[in-house]
Amino acid sequence: MTQAIRWQCFSDPQAVAGEAVQRILTAARQAIAQRGAFKIVLAGGSTPLQAYRQLADCEADWARWFVYLGDERCLPVDHPERNSRMIAEAWLAQSRIPAENIAWIPAELGAQQGAAAYGDLVRAAVPFDLVLLGMGEDGHTASLFPGQVHDSETLVVPVSDAPKPPPDRISLNYPALADTRALMVLVTGAGKREAVRGWQQGAALPVAKLECAAGIDVLLDEAANPGTGPG
Ligand code: 6PG
């Protein structure tokens, strides 16, 4: 199957975040209307934080939102570099999503034990309604890095020797990321431009292995878009 990818370019990271928020809220309204719940997988890293901060100021049927993470860094629960900590500070700590609806990845258990525990939870949760991801400058996504091979059947995998610190992580794997009604990747900044170019030209990057039957929506800003500007 040739994976359908819809590339949409916006002026700057703020515009990317604004568009992402509108699409997330629309997906939530549709999921809740059709199935009574909205299951979203949140991206880690810094790119989506603007969108999370905007969501903190929005109105939605929050009690019907169920939140999962695409990956987590094996750090203490209160470490400032934990994705859960960054997402809580940007949005979820002040949101009306019930705490019991937020499934943080138990990375404090260590990569192996935490991945096994989260794999059981993900197996019971799929299909998701929306998977939100970022992309690294090397084309990684979640904590799926170039040159690292994982069992293709495993939903959630332990990661060691990650090139982006910390070395130990837990990541949803491709079959879990693909088991979703929608998949959106947010990419901003000139540092991502070469990886976007490689993705568009068919390079075997981790992000290029993503699949979604409904197609993949990539929201990027002009700085990350090889089709604009110098170079
Ligand atoms: C992480 C993220 C990772 C991130 C990319 C992009 O834990 O680091 O999950 O996959 O999405 O590295 O990171 P930035 O958005 O900070 O550029």
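This is a predicted model: local features need pLDDT of at least 70, side-chain atom pairs count only at pLDDT 80 or more; totals for chains, interfaces and linings use all residues.
Let's start with the ligand. There are 15 residues around the ligand, and those that come nearest are Ser46, Thr47, Asp71, His140 and Ala142. For Thr47, an N or O atom of the side chain sits 2.6 Å from an oxygen atom of the ligand. His140 likewise uses its side chain, with a polar atom 2.6 Å from a ligand oxygen.

Is Ala142 buried or exposed? At a relative accessible area of 12%, Ala142 falls under the 20% cut-off, so it counts as buried. Asp161 makes a handy counterpart. This residue is not a glycine either, yet it has a positive phi of about 55 degrees, and it lies in the loop between strand 7 and strand 8. Its relative accessible area is 63%, over the 50% cut-off, so Asp161 is exposed.

The backbone also has a pair of cis peptide bonds to report. One runs from Val126 to Pro127, with omega near 5 degrees; Pro127 belongs to the loop between helix 4 (111–125) and strand 6 (130–133). Another joins Pro165 to Pro166, with omega near 0 degrees. Pro166 is in the loop between strand 7 (156–159) and strand 8 (169–172), the loop that also holds Asp161.

The largest pocket has a volume of about 310 Å³. It is lined by 21 residues, and Gly45, Met135, Gly136, His140 and Lys164 are the closest to its centre. Sorted by class, the lining of the largest pocket comprises nine polar, seven charged and five nonpolar residues. The second largest pocket comes in at about 210 Å³. Its lining has 15 residues, with Gln148, Val149, His150, Tyr174 and Lys209 closest to the centre. Here the class breakdown is eight nonpolar, five polar and two charged residues.

Helix 3 (residues 83–90) is mostly covered, with six of its eight residues buried. The buried ones are Asn83, Ser84, Met86, Ile87, Ala88 and Ala90. What covers them includes helix 2 (49–55) along with strand 2 (38–42), strand 3 (65–69) and strand 4 (71–73). In helix 6 (residues 193–200), the buried set is Arg193, Ala195, Val196, Gly198 and Trp199. As a reminder, an α-helix has 3.6 residues a turn, so residues three or four places apart point the same way. The cover over the buried residues of helix 6 includes strand 1 (5–10), strand 9 (183–187) and strand 10 (216–221). After helix 6 comes Gly202, which has a positive phi near 90 degrees.

Methods: Residues are numbered from 1 along each chain as its sequence is written. Side-chain values use heavy atoms; hydrogens and water are left out. Buried means under 20% relative accessible area, exposed over 50%, partly exposed in between (1.4 Å probe, protein chains only). Helices (H or I, at least four residues) and strands (E, at least two) are DSSP runs, numbered from the N terminus. Contact means heavy atoms within 4.5 Å. On a 1 Å grid over the protein atoms alone, a cavity is a set of points where a 1.4 Å probe fits but cannot get out, and a pocket is an open set with protein on both sides within 12 Å along at least five of seven lines; lining residues have an atom within 4 Å of a point. Grid points are joined across faces, edges and corners, and a volume is the space filled by probe spheres set on the points. Ala, Val, Leu, Ile, Met, Phe, Trp, Tyr, Cys and Pro count as nonpolar, Asp, Glu, Lys and Arg as charged, and the others, Gly among them, as polar. A residue is near a molecule or strand if one of its heavy atoms lies within 4 Å of it. A polar contact is a pair of N or O atoms within 3.5 Å; within protein, one must be able to donate a hydrogen and the other to accept it, and residues adjacent in sequence count only if both atoms are side-chain atoms.
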